[in-house]
Amino acid sequence: MESMEIRPIIRMGNPILRLKANAVEPEHTDSLTTIIPDMIATMRDAGGVGLAAPQIGISLRLMVFEVPVSRATNLDGDKPCGIQVLINPNFNPATSDKELGWEGCLSIPGLRGEVPRYKEITYTGFNGEGTPIETFASGFHARVVQHEMDHLDGILYPDRMIDLTRFGYVEEFTKMQEQSRSPDGVIKNGGANG
Ligand code: NI
């Protein structure tokens with residue numbers, strides 16, 4: 001067993017979250033063997049489905065994420081997948097179409113907001129073994145990658161919102177949902193939690 005350490009997740013207000021993170025270079029390779037398992041353990045412990053290195057105070061272009069069965073739309077590019085490691089990622093929209101979806105963020109606990117994201121993207125980068133990857137993603141898969149990519153550029157999801165009336169505490173949305181007055185899907189889909 002590799003040793004894994006759950007690290008503290010830093011929250012909105014910490015200036016590290018607003019930096020453009022640095023590219024992962026060969027000199028970082030050794031440190032990644034501890035950072036990556038720690039990121040996965042930290043994400044799991046927090047109940048999230050995505051985490052970017054800046055969220056644990058490491059300003060490197062590195063993310064982990066997964067597409068749980070409960071979130072996947074099963075469309076082309078959005079099948080469930082286990083933990084993915086993505087290093088030095090880039091993406092291009094595969095369509096100009098955006099769609100609104102509810103997101104949460106482990107650095108903004110307790111809140112959810114409705115965020116426009118490209119419906120389809122193609123992303124590139126390197127996996128945890130250093131192998132180049134190029135992947136088409138849609139739906140939730142595309143959303144979580146865009147959310148985590150933003151963390152590498154110092155952007156948090158509220159920055160992307162176009163209607164701040166669709167931003168609030170999940171507890172309040174839950175109460176409203178129980179009374180059938182909540183924005184549809186906010187609880188059912190749970191937010192991206194990245
Ligand atoms: Ni996040």
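Predicted model: local features only at pLDDT ≥ 70, side-chain atom pairs only at ≥ 80, totals over all residues.

Visitor: Is Ser 59 buried or exposed?

Guide: Ser 59 has a relative accessible area of 18%. Buried means under 20%, so Ser 59 counts as buried.

Visitor: Now the rings. How do I describe a pair of them?

Guide: A pair of aromatic rings is described by the distance of the centres and the angle of the planes. In this structure the count comes to 4 aromatic pairs. One of them is formed by Phe 65 and Tyr 123, with 6.4 Å centre to centre and 80 degrees between the planes.

Visitor: Which kind of pair is that, then?

Guide: Planes over 60 degrees apart count as edge-to-face, and Phe 65 with Tyr 123 is such a pair. Phe 65 belongs to strand β2 (residues 62-67) and Tyr 123 to strand β6 (residues 120-126), so the pair ties together parts that are 58 residues apart in sequence. Both Phe 65 and Tyr 123 are buried.

Visitor: What lies over the face of Tyr 118?

Guide: That is Lys 98, at 4.7 Å from the ring centre.

Visitor: Let us turn to strands. What should I know about side chains in them?

Guide: In a regular strand the side chains alternate between the two faces of the sheet. For a case of pairing here, look at β6 and strand β7 (residues 132-138): they run antiparallel and are joined by 7 bridges. Glu 120 has Ser 138 in β7 as its bridge partner.

Visitor: How many residues lie between β6 and β7?

Guide: There are 5 residues between them, and the two strands form a hairpin. In the turn, Gly 130 has a positive phi of about 85 degrees.

Visitor: What is usual for phi?

Guide: Most residues other than glycine have a negative phi, and most peptide bonds are trans. Asn 74 is not a glycine, yet its phi is positive, about 70 degrees. Asn 74 lies in the loop between β2 and β3 (81-93), and it is partly exposed, with a relative accessible area of 44%. Asn 88 is not a glycine either, and its positive phi is about 50 degrees. The place of Asn 88 is in strand β3, where its relative accessible area of 22% makes it partly exposed.

Visitor: And helix α2: how many residues does it have, and how far does it reach?

Guide: Helix α2 (residues 139-152) has 14 residues and reaches 21 Å from its first C-alpha to its last, close to the 20 Å expected at 1.5 Å a residue. Of its 14 residues, 14 are buried, so α2 is largely enclosed by the rest of the structure. After α2 comes Gly 154, with a positive phi near 75 degrees. Within α2 you will find Leu 152, which is buried at a relative accessible area of 0%. Leu 152 and Met 176 are 24 residues apart in sequence, and their C-alpha atoms are 34 Å apart in space.

Visitor: Where are the domains?

Guide: The domain assignment gives domain 1 (15-162) and domain 2 (170-194). Their C-alpha centres lie 22 Å apart.

Visitor: What about Glu 114: which side chain is its partner?

Guide: Arg 166, through a polar contact of 2.8 Å between the side chains. Glu 114 is in strand β5 (residues 111-118), and its relative accessible area of 12% makes it buried.

Terms used
Residues numbered from 1 in each chain as written. Heavy atoms only, no water. Phe/Tyr/Trp six-rings, centres within 6.5 Å; stacked < 30°, edge-to-face > 60°. Helix = DSSP H or I, 4+ residues; strand = E, 2+ residues; numbered from the N terminus. Buried < 20%, exposed > 50% of the residue type's maximum accessible area, 1.4 Å probe, protein only. Lys NZ or Arg CZ within 6 Å of the ring centre and 35° of its normal. Domains from an automatic or database assignment. Expected span 1.5 Å × (residues − 1). Pairing = 2+ DSSP bridges. Polar contact = N/O pair within 3.5 Å; in protein donor to acceptor, adjacent residues only side chain to side chain.
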